[in-house]
Amino acid sequence: MRLRYNYRVEPTPAQRQALARAFGCARVVFNDGLRARQDNHRSGLSYLSDGELSKRVITHAKATPERAWLGEVSAVVLQ
């Protein structure tokens, strides 16, 4: 016999705001990574490894003033 459980998550307003921020940052990082890989492909350069992509899109981006807000969320979310 298989059991199944249903759970419903009801975050507080502060938790909703934190989740929205985390998911928004993850989406920005994903889009930046996708754009970087597509640009490399169009230019005929080699495939970007996950480590190199992480350095470009997360580590270096956090150091710029335009993307400094990426440092406000957990790095685990951005990976």
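Q: At what angle do helix H1 and helix H2 pack, and how far apart are their axes?
A: In this predicted model, H1 (residues 13-43) and H2 (residues 50-63) pack at an angle of about 120 degrees, and their axes are 10 Å apart. H1 is therefore oblique to H2, because angles under 35 degrees count as roughly parallel, over 145 as roughly antiparallel, 65 to 115 as roughly perpendicular and the rest as oblique. The axes are lines fitted to C-alpha atoms over the stretch in contact, and the angles run from 0 to 180 degrees between N-to-C directions. A helix here is a DSSP run of H or I with at least four residues, numbered from the N terminus.

Q: What are the conventions behind these values?
A: The model is predicted: local features need pLDDT of at least 70, side-chain atom pairs count only at pLDDT 80 or more, and totals for chains, interfaces and linings use all residues. Residues are numbered from 1 along each chain as its sequence is written, and side-chain values use heavy atoms, with hydrogens and water left out.

Q: Is the crossing of H1 and H2 left-handed or right-handed?
A: The crossing is right-handed. The term applies if the near helix is turned clockwise from the far one by less than a right angle, and left-handed applies if anticlockwise.

Q: Which residues of H1 and H2 meet?
A: From H1, Val29, Asp32, Gly33, Ala36, Arg37 and Asn40 meet Asp50, Leu53, Arg56, Val57 and Ile58 of H2, where contact means heavy atoms within 4.5 Å. By class, this contact has five nonpolar, two polar and four charged residues. Ala, Val, Leu, Ile, Met, Phe, Trp, Tyr, Cys and Pro count as nonpolar, Asp, Glu, Lys and Arg as charged, and the others, Gly among them, as polar.

Q: What makes up the largest nonpolar core?
A: Eleven residues belong to this core: Cys25, Val29, Ala36, Leu48, Leu53, Val57, Ile58, Ala61, Leu70, Val73 and Leu78. The elements giving two or more residues to the core are H1 and H2, and H2 gives the most, with four residues. Such a core is a set of buried Ala, Val, Leu, Ile, Met, Phe, Trp, Tyr and Cys residues joined through side-chain atoms within 4.5 Å. Leaving aside neighbours within four places in sequence, Val29 contacts Val57, Ile58, Leu70 and Leu78.

Q: Why is Asn40 called buried?
A: Asn40, in helix H1, has a relative accessible area of 9%, so it is buried. Buried means under 20% relative accessible area, exposed over 50%, and partly exposed in between (1.4 Å probe, protein chains only). Not counting residues up to four places away in sequence, Asn40 touches Leu45, Ser46, Leu48 and Arg56.

Q: How do you know that Ser54 is buried?
A: Ser54 lies in helix H2, and its relative accessible area of 18% makes it buried. Beyond residues up to four places away in sequence, Ser54 touches Thr59 and Gln79.

Q: What makes Ala22 a buried residue?
A: Ala22, placed in helix H1, has a relative accessible area of 14% and is therefore buried. Apart from neighbours within four places in sequence, Ala22 is in contact with Val73 and Val77. The C-alpha atoms of Ala22 and Ser74, 52 residues apart along the chain, are separated by 7.7 Å.

Q: Why does Ala68 count as partly exposed?
A: Ala68 is found in the loop between H2 and helix H3 (75-78). Its relative accessibility is 41%, so Ala68 counts as partly exposed. Not counting residues up to four places away in sequence, Ala68 touches Ala61 and Lys62.

Q: Why does Arg8 count as exposed?
A: Arg8 is in the segment before H1, and its 72% relative accessibility makes it count as exposed. The C-alpha atoms of Arg8 and Pro65 are separated by 38 Å.
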